[in-house]
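Have a look at it, and then read on.

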Amino acid sequence: MRRFLALLGASLRQNFGLALLKYKVIKQRKDLWLVLLFALGLAGVLPVVVLYFKVLGLVFSILQSQGQATALLTLAILAGQFLILVFGLFYVLSAFYFSRDLEFLVSLPARPFEVIAAKFGVILVNEYLTVVLVVVPAFVVYGVMAAKPLSYWPLAALVFLLLPVIPLALSGLLVMAMMRLVNVSRKKDFFLLAGSLVLVTGVLFLQLGLAGNRSPEELLKFFTAADGLARLVGEKFPPCIWASRLLASGFSAPGPGYLALYVGVSIAVLLLLLLAAEKLFYRGLIGLAEMAVRRKKLSAAALAGRFANRRRAWRAILLREWKLMNRTPIFLLNGIFSVILVPAMFFFMVRSGAGSSSIAFLKILGSGNRTVEILFAAAFFVACGCLNGTASSTFSREGRNFWISKVIPVAPRRQVMGKFLHSYLVAVLGVLSGSLVAKLAMGLGWKSVLPAALLALVAGAFLTAVNMAVDLARPLLTWKSPQRAIKQNLNVLLAMALDVGFVYLFYRLFLLLRRAGLNGASLVSAMLAAAALAAAISLFLLAHIAAGRYAKIEA
Amino acid sequence: MIELRNVCKSYNKGAVRAVDDLTLAVPPGEIFGFLGPNGAGKTTTIKMIVGILAPDTGTIAIEGRDNRREPLACKAVTAYVPDSPEIYERLTGLEYLNFIADVYGVPARERAERAKRWLEVFELASAAADPIQTYSHGMRQKIVLSGALIVEPRVFVLDEPMTGLDPRSAHSLKQAMRAHCDRGGTLFFSTHVMEVAEKFCDRIAIIHRGRLSACGTLDELRRQAGESQSLEKIFLEMTGS
């Protein structure tokens with residue numbers, strides 16, 4: 001037990017960079033502003049949390065009037081477990097098999113199950129942080145508004161603490177079995193990608209399955225029958241039902257039965273994972289380390305052919321960015337895959353009739369006002385192209401290799417432009433795939449799609465520059481796992497928040513221009529001019545600050 | 001030609017003085033060895049020379065140009081190899097060499113000739129088309145060295161270049177560096193291997209706690225410390241606390 005706790009403690013400190021943060025803040029007194037920024041960020045999130053509580057209160061009242069109050073818990077638990085499943089599989093795969101500390105951990109006098117248990121503990125803490133804001137407010141609103149007794153609160157805490165255990169342990173079992181059975185040695189990137197795609201497709205079909213195959217009458221029946229909604233969403237994953245019924249009933253029947261079921265199954269699956277770890281973990285890991293590389297010498301002619309092209313510096317940078325991004329699975333998933341997959345998922349949702357938000361979106365687009373149609377479509381295209389981590393992790397992705405960018409004889413301004421072109425290319429792909437979805441799935445005419453795409457492309461240039469500036473201000477270069485550079489990078493979240501803020505400012509500008517009497521082509525042209533001006537200014541500023549920032553970043 | 005004048009660099013807001021008033025010059029044609037215990041300020045000095053870190057005070061000139069006022073001109077004539085070969089793992093060896101040749105503007109024909117030569121010298125030809133992530137530590141070190149050599153710069157700055165190299169590759173590197181300096185180029189390199197410094201360097205500097213303890217030819221260092229001492233003994237004497 002002491003060995004497990006030591007492993008867990010060290011893994012947690014490594015995961016959250018606690019030692020480095022302590023060194024920087026206390027010893028170097030360097031990143032004090034970061035602590036302040038974090039506190040400000042938390043303060044900034046507070047109004048949103050308050051709003052979320054209010055919305056949940058409203059939802060509770062509506063559900064209660066239909067006799068469906070428990071559905072609030074089921075929905076929150078299901079949403080939390082969905083998030084855990086989506087993020088968890090990546091965490092499990094990279095933590096169990098692809099993290100760089102494995103070679104060190106394997107050499108320690110610790111049993112395989114202890115190593116896996118420590119890694120599981122770290123993923124668990126990460127997952128708590130991922131779902132806390134989604135799940136806990138729902139538990140609080142339900143507990144307060146349903147006037148639950150005191151015994152509800154420890155039970156709610158228990159449900160929250162056990163929430164990630166079943167989906168994560170199942171992911172772990174699946175991953176370990178596959179790593180043992182499939183010879184992944186040289187194909188680990190492919191394996192990671194294929195696994196992720198299977199997961200995303202699975203989630204998509206699960207979502208479609210919730211509503212897609214049911215008639216409106218059937219859906220209505222679910223909404224009107226007592227507890228029907230909870231059953232509808234929970235039938236895909238029974239632990240959601242067990243947990244919500246346990247909270248609804250508490251210690252009176254049938255609560256204890258659900259308590260035993262929920263806790264018992266969680267413990268059983270966790271034990272199964274540890275047992276499997278003892279049998280399978282090291283064998284899969286050793287298989288991965290046995291990398292038989294077949295080297296092939298190139299002929300002199302082939303070698304000369306590979307060196308035949310001399311590229312300009314900005315093209316070399318662009319090509320480097322493209323290759324590094326698309327050959328690192330986690331970067332690829334957050335770049336090109338996301339700008340194609342997200343619109344594709346939207347396409348299938350709209351075609352299947354699932355997803356109330358898409359229906360609402362269709363209504364807005366079908367309102368007959370072409371200007372509104374164009375502007376909303378442009379916002380959708382911008383979301384497809386820019387709400388990903390490509391631009392906002394462009395410097396962070398270089399990690400410990402950033403020294404190369406500092407020593408090469410290419411002006412930072414030109415390096416930044418090469419990087420901009422790469423990020424913008426990904427944004428353009430997103431705008432194009434979004435445009436196709438709007439045309440093919442929503443039936444939007446070309447007369448709306450084309451100006452909307454043009455507006456999105458110009459606004460996309462602006463947001464790409466803004467996102468890059470966020471990362472340039474404080475790139476995360478000390479990562480050991482690429483996941484930290486993009487998925488656990490604060491810059492990506494901050495940039496997304498800024499993007500949403502700027503889209504909102506554009507919306508305010510639209511209202512202002514309409515009040516000023518502009519409409520139709522003149523209004524769209526004015527918006528386009530504003531976006532072009534913003535893009536030009538942001539690009540100029542980005543290029544201008546590049547030299548100063550490159551000099552200050554200590555690689 | 002590398003010139004450092006009164007260079008200072010501190011960390012933790014002045015609490016740790018990594019380099020303290022360092023002044024030295026490495027003329028063209030000279031192999032200059034930079035020695036010092038761990039944490040003495042060797043890597044910090046090297047990083048300042050190549051522009052990765054900025055000195056707090058003092059100036060650094062490469063081929064007569066200030067590396068902060070004319071950074072691109074200085075970088076264009078300098079190739080650097082770090083102590084740890086951290087490079088783009090997802091590129092192949094060939095792609096890495098092509099990238100370096102592109103950003104340094106090496107003409108296509110010359111880069112092909114040089115790449116062929118160095119890949120063969122370092123026995124990397126059969127691995128060049130594979131991703132760098134499949135390379136061993138030594139192979140990574142060799143591909144970084146090949147990237148530096150493909151540029152054929154006037155100034156080489158190498159931080160512990162022999163670490164991880166097999167004896168044959170280390171020998172080839174030493175020969176190449178000697179030839180480079182004989183053609184009038186400059187080599188500034190750090191090492192922990194006293195034997196290499198003793199046999200290979202024209203001049204040696206010893207840095208201790210950020211300050212220059214000694215600088216000169218091996219004979220000059222011997223005279224300073226007493227007759228017929230080995231470099232190891234001189235080093236231990238000068239860096240003893």
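Two residues are in contact if their C-beta atoms, placed from the backbone, lie within 7 Å. Helices (H or I, at least four residues) and strands (E, at least two) are DSSP runs, numbered from the N terminus. What you see is a predicted model, where local features need pLDDT of at least 70 and side-chain atom pairs count only at pLDDT 80 or more, while totals for chains, interfaces and linings use all residues. Residues are numbered from 1 along each chain as its sequence is written, and chains are lettered from A, with ligands numbered from 1, in the order in which they are written.

Let's start with helix H3 (residues 93-104) of chain B. Its twelve residues reach 17 Å from the first C-alpha to the last, close to the 16 Å expected at 1.5 Å a residue (the expected span is 1.5 Å times one less than the number of residues). A residue is buried if 20 or more other C-beta atoms lie within 10 Å of its own, exposed if 12 or fewer, and partly exposed in between, with C-beta atoms placed from the backbone. Twelve of the twelve residues of H3(B) are buried, so this helix is largely enclosed by the rest of the structure. Among them are B:Tyr96, B:Phe99 and B:Tyr104. What does the covering of these buried residues include? It includes H14 and H15 of chain A, along with helix H4 (108-121) and helix H5 (137-151) of chain B.

**Where the chains meet**

On to the interface: 38 residues of chain A are in contact with 37 residues of chain B. On the chain A side, the elements giving two or more residues are helix H2 (18-28), helix H14 (300-306), helix H15 (313-327) and helix H20 (402-407). H15(A) gives the largest share, six residues. By class, that side has 20 nonpolar, four polar and 14 charged residues. Here Ala, Val, Leu, Ile, Met, Phe, Trp, Tyr, Cys and Pro count as nonpolar, Asp, Glu, Lys and Arg as charged, and the others, Gly among them, as polar.

**Chain A in outline**

Chain A has 25 helices and zero strands. Of its 555 residues, 40% count as buried. Take the contacts in chain A between residues at least 6 apart in sequence: 83% of them join residues at least 24 apart. The chain is divided into domain 1 (18-65), domain 2 (69-289) and domain 3 (313-552), with bounds from an automatic or database domain assignment. Nine residues of domain 1 of chain A are in contact with nine residues of domain 2 of chain A. The domain 1 side of that meeting has seven nonpolar, two polar and no charged residues.

One loop residue is worth a stop. A:Leu477 sits in the loop between helix H22 (446-473) and helix H23 (482-486) of chain A. Is A:Leu477 buried or partly exposed? A:Leu477 has 18 other C-beta atoms within 10 Å, so it is partly exposed. Leaving out residues up to four places away in sequence, A:Leu477 touches A:Ser396, A:Glu398, A:Gly399, A:Arg400, A:Phe402 and A:Ala555. The C-alpha atoms of A:Leu477 and A:Asn401 are 8.3 Å apart, though 76 residues separate the two along the chain.

**The sheets of chain B**

Strands pair if DSSP finds at least two bridges between them. Six strands of chain B form an open sheet in the order E6-E7-E8-E3-E9-E10, with mixed pairing. Its edge strands, each pairing on one side only, are strand E6 (78-81) and strand E10 (211-216) of chain B. Another open sheet in chain B has four strands in the order E2-E1-E4-E5, paired antiparallel. Strand E2 (16-26) and strand E5 (65-66) of chain B are the edges there.

Here are some of the strand pairs of chain B:

| Strand pair | Bridges | Direction |
|---|---|---|
| E3(B) and E8(B) | four bridges | parallel |
| E6(B) and E7(B) | four bridges | parallel |
| E4(B) and E5(B) | two bridges | antiparallel |
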